[in-house]
2 protein chains.
Amino acid sequence: MRRASIKDIARLANVSHSTVSRALRGSSLISPQTITRIRQIAADSGYRPSAAARSLVTSRSATIGVVVTSIADPFAAEVVLGIEDAADQRDYSVILANSNAQPDREMRVVRAFEERRVDGIIVTSSRVGAVYAELLSQTRVPIVLLNNQHPSEFMHSVMIENLAASRQATQHLIDLGHKRIAYIGDRFGCQSDTERFNGYQSALEGASLPIRTEYVGYGNGTSEGGDAAMSELLALPQPPTAVFCYNDMTAFGAMRAIAARGLRIPADLSIVGFDDLFFAQFAAPPLTTVRQPMRDMGRLAVESLLHLLAGTQTEPNLKMPGELIVRQSTASPQENA
Amino acid sequence: MRRASIKDIARLANVSHSTVSRALRGSSLISPQTITRIRQIAADSGYRPSAAARSLVTSRSATIGVVVTSIADPFAAEVVLGIEDAADQRDYSVILANSNAQPDREMRVVRAFEERRVDGIIVTSSRVGAVYAELLSQTRVPIVLLNNQHPSEFMHSVMIENLAASRQATQHLIDLGHKRIAYIGDRFGCQSDTERFNGYQSALEGASLPIRTEYVGYGNGTSEGGDAAMSELLALPQPPTAVFCYNDMTAFGAMRAIAARGLRIPADLSIVGFDDLFFAQFAAPPLTTVRQPMRDMGRLAVESLLHLLAGTQTEPNLKMPGELIVRQSTASPQENA
DNA sequence: TAGGGTCATGCACACGTTTGCATGAGAGGC
DNA sequence: GCCTCTCATGCAAACGTGTGCATGACCCTA
């Protein structure tokens, strides 16, 4: 059986379908009694307006498309939670797509978004290159990038304040008395990595500590990468006493490599992560890390997008502050180290 | 500027818009030359068919709605990854909605799905009660429940084989020589909890071990719940030597409670979880647990839904096997225990 | 009582697609 | 040369909603 349409309601109420349309939208053209009467009938018959028909005539879909590399990435999941929450409050729906960092998949995703006429797109932590950025910019849909890894001035963005946060995290290690501080980054050199490395470097320089190239390890943002990079650092003749990691996943891998060699955290080595994933507090020991306000960043991305849609003027490039969360993976270095 | 429509393409190609429609869909009514010519023109002008217009006439939206309690829940995230992957392969899009277990939010979600005329709905790990189930069953959209907590025969479902998996997990502890084995469940007594408890009970009975009520703790599926329940177990005059937890989050909380008292895992206590969340391997020590094939369950839910849509006959209630993953959180009990 | 003004409602078109049916052009058989 | 058949294409309606404009009822004023 067909779903009830606006015309069915009109027949039941002995009015024209335009009156029903206006009544349901609360138009001031319709008398209050008619409005309540029609609304009652609509509710009784379980009427649901067709979003497709509406968007066909209004050319707005009340839908935003969200691209993540993988929703199984806890960072992305938290961001999407914030996005969906903010979208829901404004009666927007969220279409989710995983890119898996596969170029062909990215293409399909954008195409699907265009066909569905999403009102806007939010892309989180994209690592895909210039080609994709160009593709995105060609589509006429407003776009907000969240922690994007390819700077592009013409788009709106929400970013974490990488430099200041990394400097603070490194300073924390310096304050504890560490002098041999390593950094495990992301070998693909995305923007976050560059900025976090700069913060690390800046803190060391501020403390007149040397930047030793052998203390700069290269992971890939995953635990495996952190494990491998940490293993190399530990094989050095004079290993570091503290390590600042590009992100928590890298830190988890590093911690595993440390434990595998029978070393203790923080007695033998201090570790600092970045993100404050939910699991950071359950690591052994609980991980000192920089908290990214992931949900708020998601919410902010939605607000930024809606401003873009409404045409209201706003700051296009938003920076959110990170917050250092000190737990038990950091301590002063041992005397004999 | 308006997006190019099928009529714009028709004008460019000097044909009627119906010919364009058929050509793009590859109808055999249109000559091959015309098809390639029209497709070329459409590609050149960046034409994207309007999903809204199409779904208006076909009354199919190529969209499935997914309800999760929270996408930040790692279990839900993995499931959704599988869902989105399978959906993408069939050219379906996924609309994601978080219920946060709030009844009013549930209502809004279902309403939004109905308005968007989703072809089907997948609900994962729903804990909401009979009212919601009734609401769901009233909507005429096909529904597949994944690890649902309220048995309802009339709907399709994908479930983990709780009983067998729990029995196996408990048997693993029995095989290690444990005799005082506790279970930390979910106080809200959802279906998964009941089934897992039954598996635990069945294994103990098989080994002629007594079921001691003081060894049945009540968490709530979160780490806090596990922490509290474990604390009570440890306060017993004769604490257990092994604990089987309702899920990994509960196990993480239990491990924290154990560590807080200076006890060691697995020397003093063995712990088994359920889910095999990504983080289980990084716990201290890495957690022995039952793996749920979360992504495959998500994929299967999509296939089940599409069968439902196509009207093809299939098994409505699918059960997936769990797999015991033995890591380092379980060992034989100490002699003096 | 005629005219103007306000208010509530209806008419008809538009949005972009799919699809049943009609149409027109050839080709082939008688 | 006419009829029929096939093949490629066009016409027009339909899906469900929003909205500019017209319409009709009613009231008020002169």
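Are Glu84(A) and Arg105(B) buried or exposed? In this predicted model, Glu84(A) is buried, and Arg105(B) is buried as well. The two residues form a salt bridge in which the closest N and O atoms are 2.7 Å apart. This pair crosses between chains, running from helix H5 (residues 74-89) of chain A to helix H6 (residues 103-115) of chain B.

A further salt bridge joins the side chains of Asp88(A) and Arg108(B), with an N to O distance of 2.4 Å. It also crosses between chains, with Asp88(A) in helix H5 of chain A and Arg108(B) in helix H6 of chain B. Asp88(A) has a relative accessibility of 12% and therefore counts as buried. Arg108(B), at 33%, counts as partly exposed. Glu84(A), Asp88(A), Arg105(B) and Arg108(B) belong to a network of salt bridges that includes Asp85(A), Asp296(A) and Arg299(A).

Over all chains, the count of salt bridges comes to 31. Another of these pairs lies within chain A, where Asp119(A) and Arg60(A) form a salt bridge with their closest N and O atoms 4.0 Å apart. The pair links distant parts of the chain, the two residues being 59 residues apart. Asp119(A) sits in the loop between helix H6 (103-115) and strand S3 (120-124) of chain A, and Arg60(A) in the loop between H4 and strand S1 (63-68). Asp119(A) is buried because its relative accessibility is 9%, whereas Arg60(A), with a relative accessible area of 44%, is partly exposed.

The domain assignment divides chain A into domain 1 (6-49), domain 2 (59-160 + 294-321) and domain 3 (162-292). Taken over C-alpha atoms, the centres of domain 1 and domain 3 of chain A are separated by 62 Å.

Around DNA strand C there are 30 residues, of which Thr19(A), Arg22(A), Ile6(B), Ser21(B) and Tyr47(B) come nearest. By class, this surface has 10 nonpolar, 13 polar and 7 charged residues. Of the DNA strand C atoms within 4 Å of the protein, 59% belong to sugar or phosphate, and the rest belong to bases. In chain A, a polar side-chain atom of His17(A) lies 3.5 Å from a base nitrogen of DNA strand C. Elements giving two or more residues to this surface are helices H2 (17-24) and H4 (51-58) of chain A, together with helices H1 (6-13), H2 (17-24) and H4 (51-58) of chain B.

Conventions. Residues numbered from 1 in each chain as written. Chains lettered and ligands numbered in written order. Predicted model: local features only at pLDDT ≥ 70, side-chain atom pairs only at ≥ 80, totals over all residues. Heavy atoms only, no water. Domains from an automatic or database assignment. Near = heavy atom within 4 Å. Polar contact = N/O pair within 3.5 Å; in protein donor to acceptor, adjacent residues only side chain to side chain. Helix = DSSP H or I, 4+ residues; strand = E, 2+ residues; numbered from the N terminus. Nonpolar A, V, L, I, M, F, W, Y, C, P; charged D, E, K, R; others polar. Buried < 20%, exposed > 50% of the residue type's maximum accessible area, 1.4 Å probe, protein only.
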